[in-house]
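Here are a few friendly notes to read alongside the structure. Take the points in order, and keep the 3D view open as you go.

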Amino acid sequence: MRKQTKYIGTVAFMGGVPTIPTPFVKSWTDFIVYNSKYIDGEIFYMTPTTSLHFQARNEIVDKMKGDWVLMLDTDNKFPPNTLHRMLARFHQHDLDVLTGLYQFKQRPHSPVLFKWKENITSRVIQFQTQAVDQFNYIEVECAGAGCLLVRDRVFVRILEELKENPFDHIPPLGEDFSFFKRLQRLDIQAICDPSIHVEHLRWEGTTPPEYHPSEYVS
């Protein structure tokens with residue numbers, strides 16, 4: 001349904017918000033410059049018009065062009081070559097779903113990776129990577145969608161076989177976990193490449209105990 005296009009794929013960030021962190025903007029700018037130099041083919045860049053997550057991600061799927069889409073969250077900071085590296089993994093191993101690795105903002109900062117226990121999830125605290133053709137990966141049951149690369153054919157299967165939008169909520173799950181639940185229903189394996197690391201941005205307040213008058217220089 002999104003074939004016959006000059007674009008090789010789509011990159012979208014979760015916009016629709018009044019402000020975006022400066023580190024993300026810097027990453028996004030460097031990322032586009034890098035892609036224009038080192039990735040063959042034209043990329044369609046877009047952002048959804050709403051900040052409501054499930055609607056925003058479904059809008060991305062509806063408007064995407066090409067054979068894949070990379071979704072990025074605006075509270076992340078990422079290297080310029082992120083897409084280049086993810087596409088290399090994608091094509092070399094014919095993957096359907098690939099995520100980079102990012103961590104929770106709160107201690108102990110475990111990876112945003114999960115295992116299914118019936119219809120709920122539990123965090124992956126420890127994990128082992130598997131090596132295939134010098135590619136170390138983690139088979140993922142569920143993950144966040146802050147750095148998520150998905151083939152168009154996955155969305156086609158969800159729409160045609162499940163008759164559902166990919167990111168509609170499956171109560172009590174959020175939009176990202178609902179997507180991974182649909183992958184489970186269709187027996188589609190998601191992969192995490194832990195070498196593709198994305199920094200999860202966080203705000204930290206300054207408190208009175210951190211004030212050290214002795215360090216003041218007039």
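**Notes on the core, the rings and the cysteines**

1. Start with leucine 83. Apart from its neighbours within four places in sequence, leucine 83 is in contact with Val11, Phe31, Asn35, Ile39, Ile43, Trp68, Leu70 and Leu149. Please keep in mind that this is a predicted model.

2. Now step back to the core. The largest nonpolar core has 64 residues, and the members that touch the most others are Leu83, Phe179 and Phe180. Strand S3, residues 68-72, gives the most to this core, with five residues. As background, nonpolar side chains in soluble globular proteins tend to be buried together.

3. Next, the aromatic rings. There are 15 aromatic pairs in the count. One of them joins phenylalanine 13 and tryptophan 28: the ring centres are 4.9 Å apart and the planes meet at 75 degrees, so this pair is edge-to-face.

4. Tryptophan 28 has another ring partner to look at. Is the pair of phenylalanine 24 and tryptophan 28 stacked or edge-to-face? Their centres lie 6.0 Å apart and their planes are at 20 degrees, so the pair is stacked. Phenylalanine 24 and tryptophan 28 both sit in helix H1, four residues apart, which is about one turn of the helix. Phenylalanine 24 counts as buried because its relative accessibility is 1%, and tryptophan 28 is buried with a relative accessible area of 12%; the cut-off for buried is under 20%.

5. Ring pairs link Phe13, Phe24, Trp28, Phe31, Tyr45 and Phe78 into a cluster.

6. Arginine 151 lies over the face of phenylalanine 90, at 4.5 Å from the ring centre. Arginine 57 lies over the face of phenylalanine 167, at 6.0 Å from the ring centre.

7. Finally, the cysteines. How many disulfides does a search of the whole structure find? The search finds zero. Cysteine 147 is in no disulfide, and its nearest cysteine sulfur, that of cysteine 192, is 9.0 Å away; a disulfide needs the two sulfur atoms within 2.5 Å. Cysteine 147 is buried, with a relative accessible area of 0%. Cysteine 142 also counts as buried, at 0% relative accessibility.

Conventions: Residues numbered from 1 in each chain as written. Predicted model: local features only at pLDDT ≥ 70, side-chain atom pairs only at ≥ 80, totals over all residues. Heavy atoms only, no water. Buried < 20%, exposed > 50% of the residue type's maximum accessible area, 1.4 Å probe, protein only. Core = buried A, V, L, I, M, F, W, Y, C linked by side-chain atoms within 4.5 Å. Helix = DSSP H or I, 4+ residues; strand = E, 2+ residues; numbered from the N terminus. Contact = heavy atoms within 4.5 Å. Phe/Tyr/Trp six-rings, centres within 6.5 Å; stacked < 30°, edge-to-face > 60°. Lys NZ or Arg CZ within 6 Å of the ring centre and 35° of its normal.
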